[in-house]
Amino acid sequence: MSSAQESPEKPQDKQPKIQGDGPSIWLQLAVAFAVFLVLSAGYSYVREYVNKEKESIPLSQVAADIAAGKIDKILVEGDSITATYADKTEKTSRKESESSLVQTLADYQVPADMLAGVHIEIKDESGFKFWLLTLLPIFVPALLLFGVIWYLSRQLRGGGGMQAFTFGRSLARMVSPEDEVQRVTFKDVAGAKEAKIELTEIVDFLKNPKKFIQIGARIPKGVLLMGAPGTGKTLLARAVAGEAGVPFFSISGSEFVEMFVGVGASRVRDLFQTAKKAAPSIIFVDEIDAVGRVRGTGVGGGNDEREQTLNQILVEMDGFEPNEKVIVMAATNRPDVLDPALLRPGRFDRRVTIDLPDRKDREEILGVHSRQKPLGPDVNLAVIAERTPGFSGADLGNLMNEGAILAAREDRKEITQYDLLRSIEKVMLGPERRSHVLNKREKEITAYHEAGHAIVSSVLPYADPVHKVSIISRGRAAGYTLKLPFDDKRMQSRREFLDDIAVSLGGYIAEKMVFGDLTTGASNDLQVLTALARDMVTRYGMSEKFGAIALEAGQGRAMFGHGLEGGEMSSELAAEIDKEVQKIVGEAYKKAEDVMTKHRGALDAIAKALIEVETIEREEFEKILIANGVVPKKKDDIIDPPLA
Ligand code: ADP
Ligand code: ZN
Ligand code: MG
């Protein structure tokens with residue numbers, strides 16, 4: 001039951017890891033072992049068979065039998081001796097390797113005339129049997145071992161375990177400039193005009209380094225792209241490479257933090273080496289915050305591996321000859337946590353911020369993503385852009401895709417406007433779960449809960465107007481109230497925050513007021529509004545008590561009033577903050593409660609309509625408001641106090 005402005009889960013652009021879902025490693029080892037057993041048994045059998053029915057006797061016996069005249073013939077193959085007796089039986093024996101048979105027999109005092117009577121044949125050791133017997137014991141285990149390693153490595157590749165074999169090799173992916181399929185250019189990136197202008201310079205340098213070098217210009221080594229997830233940072237970096245026509249090596253920060261200590265650093269070394277060989281080129285470190293967090297704060301558990309990797313990146317960047325023609329690009333959505341050493345001149349000293357797209361940009365992005373999709377005549381991307389404030393490029397790409405899926409599912413050849421409108425909510429809130437059936441009581445509670453959000457949002461002046469209310473569950477929410485601002489907002493004011501908190505409390509208060517009881521349905525609302533109230537106090541300087549002081553630098557790291565650790569807040573300060581947060585929430589609570597008491601009629605009417613039809617669109621909703629004496633908001637009555 002959320003007041004649905006909660007951002008949808010942003011798609012992660014990490015490479016999916018293929019989890020080996022084959023047999024477990026133990027089973028595989030057992031199979032390998034069994035194969036080994038069978039083969040060795042087979043080998044002994046062969047060996048046995050070859051020597052079958054030949055009695056083995058000591059050399060002294062052979063000597064004695066020759067002396068006694070019992071032996072007709074002797075075959076010598078290397079050190080092995082086969083004696084054929086007068087009765088045609090064969091017996092085997094072995095001699096020392098160093099001395100010849102004749103010599104040995106003489107040593108055994110075999111009379112020379114008896115020896116002369118024996119036919120001695122000496123064969124080269126090249127028979128099949130010899131090779132079989134000598135090489136098998138060496139080759140079979142070697143072959144087996146090799147086979148097992150090959151098999152395991154095939155199983156593990158891509159499953160995260162392969163790194164055990166590739167060790168320090170960087171797992172960088174390369175996009176070569178000849179790769180037409182993967183090649184991305186600025187044309188594929190809509191909006192982001194300022195960023196493109198900044199990056200054009202980099203493209204220029206990579207294309208035409210001489211021009212810059214001759215005039216003695218120092219070219220930036222590092223460019224840091226900063227922006228919310230899904231705003232197209234990765235896309236832009238690839239577009240720079242595509243525009244410049246240079247190889248693009250990319251690796252993700254999180255991949256460094258994966259396995260053995262020391263591997264990250266050697267991967268960095270390897271990556272830089274490869275890129276230098278291919279210069280001019282671009283190295284792209286995605287999600288650099290995974291390795292580039294402030295060192296030594298203990299945040300992230302003081303990961304040694306991370307620090308080593310980061311140090312190596314710094315060392316490599318410092319080690320660039322001026323004009324090496326390799327440019328390092330990096331992307332992060334958390335520039336606030338980056339180690340200052342990364343931002344020093346000579347490293348990532350160019351910083352490009354990519355904002356969430358505004359209405360115009362959103363329309364362009366939708367355009368880019370509808371290039372290969374047949375759109376129906378009624379499609380108006382401007383309207384979709386208007387309805388999607390806060391959407392990132394990735395969300396918009398997702399929206400177009402969902403629209404196409406809806407059309408395909410219904411066997412249509414074109415995407416309609418209605419497909420796209422439905423997709424907005426799907427991207428925002430997750431898919432509808434119509435199968436999630438509420439019982440009568442739950443339905444009533446959900447209806448009043450959402451009606452509570454909706455009425456507060458409609459009445460309070462700084463809250464956003466309601467576009468849709470529904471008690472069809474979506475994603476994790478049992479119902480939702482869709483509010484959209486009239487314009488894109490870049491900044492939010494204290495008044496807006498207070499009204500937002502009041503709107504979030506609307507569901508909770510409605511439940512309490514109407515049913516005299518509370519449900520777990522409000523828990524997400526409470527989390528969101530508490531976090532907002534806390535940020536107002538600790539980050540935005542919006543509390544009376546503390547005023548214009550930032551107490552936290554994001555991520556709960558204290559900037560002010562820290563205790564012995566240097567990072568944590570003193571408990572007195574924490575208690576003061578909690579008090580201020582409570583005060584803000586209390587204020588908003590009072591406001592929301594007043595609205596609901598005053599407009600109880602409208603609340604009941606909205607809830608009743610919801611129970612009946614489950615989803616109310618804006619027009620219908622405003623009719624109910626008017627019927628109950630609430631004037632719906634219009635764009636122009638945003639009330640800003642006159643400038644003093
Ligand atoms: P980030 O790296 O900032 O998280 P990505 O570059 O991975 O975001 O963007 C994800 C996807 O979103 C891209 O592959 C692209 O399809 C889409 N996208 C994001 N921004 C834009 C844009 N400005 N123009 C066109 N598509 C975009
Ligand atoms: Zn709610
Ligand atoms: Mg990215």
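The model is predicted: local features need pLDDT of at least 70, side-chain atom pairs count only at pLDDT 80 or more, and totals for chains, interfaces and linings use all residues. Residues are numbered from 1 along each chain as its sequence is written, and side-chain values use heavy atoms, with hydrogens and water left out.

**Exercise 1.** Characterise the shell around ligand 1.

*Solution.* 
1. Count the neighbours. The shell holds 16 residues, each with a heavy atom within 4 Å of the ligand. A190, G230, K233, T234 and L235 are the closest.
2. Sort them. Seven are nonpolar, six polar and three charged; Gly counts as polar.
3. List polar contacts (N or O pairs within 3.5 Å). A ligand oxygen lies 2.7 Å from a polar backbone atom of G230. An oxygen of ligand 1 is 2.8 Å from a side-chain N or O of K233. A ligand nitrogen sits 2.9 Å from a side-chain N or O of H369.
4. Locate the site. Domain 3 (173-354) and domain 4 (359-429) both contribute shell residues, so ligand 1 lies between them. α9 gives the largest share, three residues.

**Exercise 2.** Find the centre of contacts in the largest nonpolar core.

*Solution.* 
1. Define the core: buried nonpolar residues (under 20% relative accessible area), joined through side-chain atoms within 4.5 Å.
2. Of 49 residues, I455, V456, I501, L505, I577, I606 and F621 touch the most other members.
3. Assign elements. Those giving two or more residues include α19 (440-459), β12 (466-470) and α20 (494-515). α22 gives the most, ten residues.

Methods
Chains lettered and ligands numbered in written order. Polar contact = N/O pair within 3.5 Å; in protein donor to acceptor, adjacent residues only side chain to side chain. Helix = DSSP H or I, 4+ residues; strand = E, 2+ residues; numbered from the N terminus. Domains from an automatic or database assignment. Buried < 20%, exposed > 50% of the residue type's maximum accessible area, 1.4 Å probe, protein only.
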